[in-house]
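Here is a friendly walk through one protein model. Please keep the structure open beside you as you read.

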Amino acid sequence: MHFEFEHLGTSTPFELPEGVHLLGGGAEDHVRLEGLPPGLLTLRIENQRLMVEATRTFTVGGVMVPPGVPRLVLPGEGLGLPEGMSLKVRESGGDTERQVGTMAVLKHLLMDTGEPPPSRAAALLCLTGADVGRTFALAEASTELGRGLEMSVRLRDIAVSRRHARIRHQEGTFLLEDLDSPNGVYLNGQRVETPAPLHEGDVIELGRTLLRYQAPMAEPPPPPKESPPTPPEPAPEPTAAPAETQAGQPAGNDTPATLSGENVPERSRVRWEWWLIGLGAALALVGLLATYALAA
């Protein structure tokens, strides 16, 4: 495997065969680089795959790796070392397509405009590792991740423990927690010590596997209920005037008492007044005649 050590603008290429190699500034280191602490890095090369473990905190593509934690390093990725030094894993061939590393994946997720389609359930999308491209739904209140057969999210990664991590759904928030795994769980490059909330686009790292968290799609608010239309009020029916006979008398068996109200037509009322006046005049005339007769 080809490497390139950079310090103060100077590059030093070198090559290592498969096996375990110590890299540092000590006399007993297999690869001695001046200015580095003794036994700083342990490089394990197997089948063109590189696992790196350090005695001090270092970075892979800008993502911090704590001491004592093995980390897979892909061709093209750079290791940040103390005192501004760096170690880069070179491609084995010039025509080989550059593989996507941890930081490249993180930058791609933050800058890519082609977001996955929204889902009603939260999900994990595998970005690297043996299960790349697979999607795991987080439909339960508690979802365990690991290599075991009984795990809800089973990962085919030898660097993942049988029971590695758990994601709990609590009060509308998904929490990531480590199940005391030897290699630990990392969220956006930071090791998870206590349950940590997940947000859209977060990257979870277990062993050599990267998982992207996709938040569930928010439920749309229910449409407002439409009140039923108010029926129009019925128009008042017109009152029909009572019919009259050819003789001018009301039709039917109506009596004068019922015809003296407001419903009596105007012409009938005038006729009755004249009849009453004539009757009064006749009675007065009879009274006068009777008085005259008695006086005579």
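The report below covers confidence, a sheet, a pocket and a cavity.

## Confidence in the model

This is a predicted model, in which local features need pLDDT of at least 70 and side-chain atom pairs count only at pLDDT 80 or more, while totals for chains, interfaces and linings use all residues. Residues are numbered from 1 along each chain as its sequence is written, and side-chain values use heavy atoms, with hydrogens and water left out.

The protein chain averages a pLDDT of 77 (the predictor's confidence in each residue, from 0 to 100), and 74% of the residues score at least 70. Confidence is highest in strand 17 (residues 173–178), at a mean of 96, and lowest in helix 2 (residues 256–259), at 45. Helices (H or I, at least four residues) and strands (E, at least two) are DSSP runs, numbered from the N terminus. Please take care with residues 93–105, where the pLDDT is below 50; beyond near neighbours in sequence, this stretch has 23 contacts in the model (heavy atoms within 4.5 Å). Residues 107–114 also have a pLDDT below 50, with five contacts beyond near neighbours in sequence.

Five strands form an open sheet in the order 4-3-5-6-9, with mixed pairing; two strands pair if DSSP finds at least two bridges between them. Strand 4 (31–32) and strand 9 (71–73) stand at the edges with a single partner strand each, so one side of each has no neighbour in the sheet.

Strands 5 and 6 run antiparallel and are joined by six bridges. In this pair, L43 stands opposite V52 in strand 6.

## The second largest pocket

What lines the second largest pocket? Its lining consists of G19, V20, R44, I45, E46, R49, M51, I158 and R208. A pocket is an open set of points on a 1 Å grid over the protein atoms alone, with protein on both sides within 12 Å along at least five of seven lines; lining residues have an atom within 4 Å of a point.

The pocket holds about 150 Å³ of space, where a volume is the space filled by probe spheres set on grid points joined across faces, edges and corners. Strand 5 (41–46), strand 3 (19–24) and strand 6 (49–54) each supply at least two lining residues, and strand 5 gives the most, with three. By class, the lining has four nonpolar, one polar and four charged residues. Ala, Val, Leu, Ile, Met, Phe, Trp, Tyr, Cys and Pro count as nonpolar, Asp, Glu, Lys and Arg as charged, and the others, Gly among them, as polar.

## The largest cavity

The structure holds four cavities of 30 Å³ or more; a cavity is a set of grid points where a 1.4 Å probe fits but cannot get out. The largest cavity has a volume of about 80 Å³. Strand 8 (residues 63–65) provides the largest share of its lining, three residues, and the lining also includes Y186 and E205.
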